[in-house]
Amino acid sequence: MENKAEQNIVENNIKVTGDKVEVQYTSGGLGCMLTGAGIMTLASALILFIIVPDTSFIRAFTGVIIGSVGLLFFGPILFKILSVAFSGKSVFTVEGGFLKGRSKRVKISEIKDIKWAGGGIKYLLVRTKHNKTIKLSTYNLVPEDKVHQVIDTYVIPNSTPELKEYWAKRYGGKGYTA
């Protein structure tokens with residue numbers, strides 16, 4: 001029989017393998033984001049390049065504004081979601097005392113504060129003892145409660161008293177105190 005430490009634990013959006021914990025998106029969440037961003041980008045492009053050239057000045061002016069704003073907002077979101085889709089299912093990882101994003105990592109013992117930020121696409125804003133800020137984006141592909149579960153279970157117990165206090169005040173935590 002296998003050793004329990006070697007077994008993989010896979011829960012919706014959370015994969016635990018040995019000492020590595022991965023927060024992953026689901027295919028359904030990715031499909032919804034790609035579909036929504038793709039339709040809106042396509043609609044903006046259609047307005048801008050198909051409808052605008054064949055209309056009156058006022059309608060063309062309105063179409064240029066709507067199409068441009070749509071392309072400038074939804075186009076980058078579509079490309080970000082596509083880049084996530086091609087780089088693997090993990091949004092961020094907790095491993096070996098580090099909290100790792102797709103391209104950045106920070107030592108858990110150096111984290112001063114973690115909070116949600118962002119408007120359209122939410123991300124974790126991590127502030128270190130050295131006042132560096134690191135953004136770990138979830139691209140709205142992982143529910144906040146799953147992210148909170150991973151942080152509560154795997155980050156907070158190994159963190160600084162300051163982070164425990166901020167986390168408990170902000171999100172309730174599991175009763176951690178400084």
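**Terms and values**

Reader: In the protein, what share of the contacts between residues at least 6 apart in sequence join residues at least 24 apart?

Author: That share is 49%, where a contact means heavy atoms within 4.5 Å. This is a predicted model, in which local features need pLDDT of at least 70, side-chain atom pairs count only at pLDDT 80 or more, and totals for chains, interfaces and linings use all residues. Residues are numbered from 1 along each chain as its sequence is written, and side-chain values use heavy atoms, with hydrogens and water left out.

Reader: How do you know how many helices and strands there are?

Author: Helices are DSSP runs of H or I with at least four residues, and strands are runs of E with at least two, numbered from the N terminus. By that rule the protein has four helices and nine strands.

Reader: Why is the protein called more spread out than a compact globule?

Author: Good one! The globule rule is 2.2 Å times the number of residues to the power 0.38, and the radius of gyration is taken over C-alpha atoms. For 178 residues the rule gives 16 Å, but the radius of gyration is 21 Å, well over that, so the protein is more spread out. Its C-alpha atoms fill a box of roughly 70 × 45 × 25 Å along the principal axes.

Reader: Where is confidence lowest, and where is it highest?

Author: The predictor's confidence in each residue is its pLDDT, from 0 to 100. Strand E1 (residues 8-11) is lowest, with a mean of 62, and helix H1 (residues 27-51) is highest, at 93. Over residues 1-7 the pLDDT is below 50.
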